[in-house]
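Here are my notes on how the two parts of this chain meet. Please read them with the structure open.

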Amino acid sequence: MNFFSPKNIDEFFNIRERYPDAIILAGGTDLMAQWHNNRNIPDKVISVSGIRELAFIKEEKGYVEIGSLSTHSEISENKTVKKILPSLSYAASLIGAPAIRNMGTIGGNIANASPAADLPPVLLIYDASLVLKSKNQIRELKLYEFYKGYKNTVIKPDEIIFSIRIPVPMQVDKVEFYKVGTRQAQSIAKLSLAGFLKKEKKEVEIVRLAAGSVAPVPIRLFEVEKYITGRVLTRSVVSDACDILLKYLKPISDVRSTEEYRKIAMKGLLLRFLGK
Amino acid sequence: MIKRRWKINGKNTQVEFSEEMRLIDVLRETLDLVGTKEGCGEGECGACSVIVNSTLKLSCLLLAATLSDGTEILTIEGAENTPLGKRIQKAFMTANAVQCGFCTPGMVMATYYLLSKVKKPDRETIKSMLSGNLCRCTGYKSIFEAVEIATGRR
Amino acid sequence: MYVGKSIDRVDGWDKVTGKLRFIADYRMPDMLYGVTVRAPVSKGRLKSIVFDPKYDFSKVVIVTAKDIPGENFVHIIKDDMPCLVSERINYLGGPRAIKTEKNPAVAYEALRHIKVEAEEETPLIGIEEIAKAYKREPQNLTYFYEPKIIKGDLKSGFDEASYIVEAEFYTGFQEHLYLEPQGVLAYKKNGKFHIVGSLQCPYYVRPAVAKVLGVKDEDVVVVQAPTGGAFGGKEDYPSLLAAHSALLSKKTNKPILMVYDREEDISFTTKRHPSYVYHKAGVMKDGRLVALDSTILFDAGAYVTLSPVVLSRGTLHSCSVYSIPNVRIIAKAVKSNIPPPGAFRGFGAPQTIFAMESLIDTIAHRLKLNPYDVRRKNLLKVGSEMAFGQVLKESVGIDKCLERVSAISDFKKKYESYKKQGKSKEVSTLKGIGLATVLHGAAFTGSGEMVLRSKGAIRLNKDGLVEILIANTEMGQGLLTTMSQIVADKLNVPMEMVKFPLPDTSQVPNSGPTVASRTTMIVGRILTLCCDELVAVIEKHYKEKIRIDGGRVFLTDSKKKLGLKDVVRDISPADGIYIEKEYDFPKDQMWDEEKYRGTAYPVYSWGAVVVEVEVDKYTYNVRPVRLYSVYEIGKAINPKAALGQLEGGMIQSLGYGLMEKCEMKNGKFFQNRLQTYIIPTAEDVPEMHTEILEIPYSRGPFGAKGIGELPHNSVAPALRNAVLNVFGIEINEIPITPERIVSTMKNRGIL
């Protein structure tokens, strides 16, 4: 194996240019397990842990910006995140177990593009954007534009996720994240739901819903959002919202759970979020 | 081949290893520090837990080459020589928190990390911070009690 | 002095400091690593093994069935399981060849360049398929064992009954998930083959390896390495792995270390037998059982291995703690095309006790009675005759366990109040409480101990230390400590003077395998007999009665004081005083294998557990929050160690009942990694309150009975019963995952 460990982002771009097929290694919590299980290691690996300019969490100009190398532990314990984005802190605290959280990064959690990843649903309801950098370019796109399909993203070979930018939310009535795992701790999500709700008097003014492990990618539930926006959350409205949800969700049966269960539990989570 | 200078259990150590080796391989094969165990190789059991730069990490998921010169590593072999480590080990004995012993090194390291962050954790915090260390023998209760003995809560 | 006290483990400090070496930590000069090539189909005929011509195989050494000098069988009960597949493939993963290299990564790489070609046939896979086939055409199945129990008059029992209650129960596979994967080291020294491994039974491995190598038993020396958990998974499987390592060592003339990685270990080693149990019960209005007609099917896999004894124990435990006057039980171990399941803590009893304890709550539910009362109406007691004819003579604590656990958990009241809890909109968690009463017969079934003729020994050596010489293995249960406590107390010497070396077949007699919860009760007894004999030998020599105290011998008449070293010097200076005794099987406790009647186990240990759960109304996630238990075990030699076994066993049973989904897809285990095979973490354990009761057993050392397996019979049915309490729905399959709750509700039109 050829191993590279750039000390800054420019060094990274130079190495990347020479070896566009090299694998980027951050915390290693997904990749190292994969390589072990496949008994196969890649030819070329670029470790980005040394690029310290990617490890930061700051609040400025109405945004919270989190560097891609921030670990789940750092995110869940950060005072700013806890205060402004409590569900993100909470979601990060549910990933794996303490040692995994010390090693895994937000960049890896997003770039690995697993539909079961814990952070993307929360980032989606917080309306997060990704900052992607290449040698000569910066671009920003919404997180929901990032996923193309199962484990497939729009990132270009010469790009790296630089940071995640989240607008500081205005007053909200409710922001929550529910993760259903195979046990109480250290488990991959069988399904997850993140919700962001603001009411104007009794009617729903703003709602964002996102789900994990029920589609090939983490998704915003735009159809459901559209339906309930402007409505009062009566029992029949909530029931109709669940029907819409089930109509266009297509969860699968896999090693962890069944299609039938995911549908029922997803409905349950939505009921829990929209209920009193 | 990669060359590094790490501080392992308080001692400055020169190591040389090939690119694909994990930290667990360097510890067990190159340095014969076999106290750190491999129970699964995919970061799910915690038996390989070590402390790297004061942070609990899984040595089976760490590509050794990613650890730069000057990295400080504490393994189970070094824990005995620290006051906190020894206190934890004695507490594990008193509480009968050891049965087959295979998860124990990782469990001790996770406890060491917990107690270096939180002086007197409550039961919920203990459970949460040890949730990454699987044990099949004890049912965990005696391990919780060991941690509480080590903090003087029991 | 020591017995009854929670002495610190003698091997504890080496474990907490990481000093103790397990087999994967062993190193020898010139050592090579071995890996296994496996059959790709479940059933078929082996055609060939194809070696990729582009790969340089000179780096590795291959062994196939053709290289076996002895017999290509792994001896367990019958000689029918091949060591290496030569022609017929009977399960997917049947080992075909083994190879070796210095660096395990190279060995695994070579594996990718070897292809096994086979002709496929249609396999029989799955307990549901087996149950269907049995109902349809039982004559077309192959049975490895078919015990039958008949008691009383079934027809008149059903005639008398007020209600008939019928139900079918299924239990799945379970993986032991010992934290330390299987591993064996083999090397040749001084003309003998040496095997060192993570194993439970050195004296099982020795003859198995000798047979494959075509040598005498004495030419194979087996030593146990410290073992990181076993639970039955290292009872028979290591014989196969040891044979593989030995074959490679023979061919290469080098030490060979074979250590499975986790995925390989889960995929190919033994599992708990899946089961199907059908019960038809005749019940009176007050819950009294008057008739029971049962069918038990165990999925025995491709070869006989241990299935007959697992089925036997399951069958003999299938009435749980109840006295039923009219019984018929028909049981079968069915051959199928999966890797043979094997021994796992409980050994058949967790499966059948799950069925019976669930049936009792089903009866209570349908008859609108309290499960506590139904149990009380049917409990065994001293004088009761069990279904297979055994009359209980002593040490029966089940009524006290049931009473006590109900009192400390407030079971009766909570059961009724949770039953009534409505589907109120306000509450998002539902509560439930479940009860189970269990038993476990320690020691080998029936005449097993008589056939085994276990021998144990002690030696008072030249240094005046007492060596414990038995073949039983420490795997976490604490026997290094408890056996030492027994001997120390029997001889009245300080524990520091008692030594217990790792079992080595060239150094210790065959005291039998470390299984069946037998070590304390049977081998502990043998050691007490050895101690008594040692005293007799000393008294005979000095022609006086003696008293041993503080490591010294007092001659009571002449008032002389001697050190133990002096005694050895006087009596047997060259080799120390070696005392060996055989287990004295009680001749009044006979078992008739032909009639399948008699004393099945010398004595039983008992238990009662109550689990309280909270169920999430939205996700159907079941969370156990409190677990109360009371166990009657004769005598706790080391209370903390006993609690450790009880608590550990209960959490394993919790996993079995709640989350350890272990499915087969196309003959392969689907959940075969730690990420997907889910066992309880620290956050999954409920608050535990465990109490021990003691009704001494007259033939147990200091009154002790067996306890290792007892707790694994308990929590799974209690959980199932708690879920019944929550939803009023009878779920008869474990694990009770949220998926199963949802699918059961959908199938019954509730959801």
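1. A word on terms comes first. Domain bounds here come from an automatic or database domain assignment. The model itself is predicted. For chain A, the assignment gives domain 1 as 50-167 and domain 2 as 174-274.

2. Next, the spacing and the contact. The C-alpha centres of domain 1 of chain A and domain 2 of chain A are 21 Å apart. Domain 1 of chain A puts 23 residues into the contact, and domain 2 of chain A puts in 25 residues.

3. How much area is buried between domain 1 of chain A and domain 2 of chain A? The figure is about 1,900 Å². Carbon and sulfur atoms give 68% of that area.

4. The rule finds one salt bridge across the interface of domain 1 of chain A and domain 2 of chain A. A salt bridge joins the side chains of Lys179(A) and Asp118(A), at 3.2 Å from N to O.

5. Which elements give two or more residues to the side of domain 1 of chain A that touches domain 2 of chain A? They are helix H5 (86-93), helix H8 (119-125) and strand E8 (147-149) of chain A. H8(A) provides the largest share, five residues.

6. Last, the make-up of that side of domain 1 of chain A. Of its residues, 16 are nonpolar, four are polar and three are charged.

Terms used. Residues are numbered from 1 along each chain as its sequence is written. Chains are lettered from A and ligands numbered from 1 in the order in which they are written. This is a predicted model: local features need pLDDT of at least 70, side-chain atom pairs count only at pLDDT 80 or more; totals for chains, interfaces and linings use all residues. Side-chain values use heavy atoms; hydrogens and water are left out. Contact means heavy atoms within 4.5 Å. Buried area is the accessible area (1.4 Å probe) that two parts lose on being put together, summed over both. A salt bridge is a side-chain nitrogen of Lys or Arg within 4 Å of a carboxyl oxygen of Asp or Glu. Helices (H or I, at least four residues) and strands (E, at least two) are DSSP runs, numbered from the N terminus. Ala, Val, Leu, Ile, Met, Phe, Trp, Tyr, Cys and Pro count as nonpolar, Asp, Glu, Lys and Arg as charged, and the others, Gly among them, as polar.
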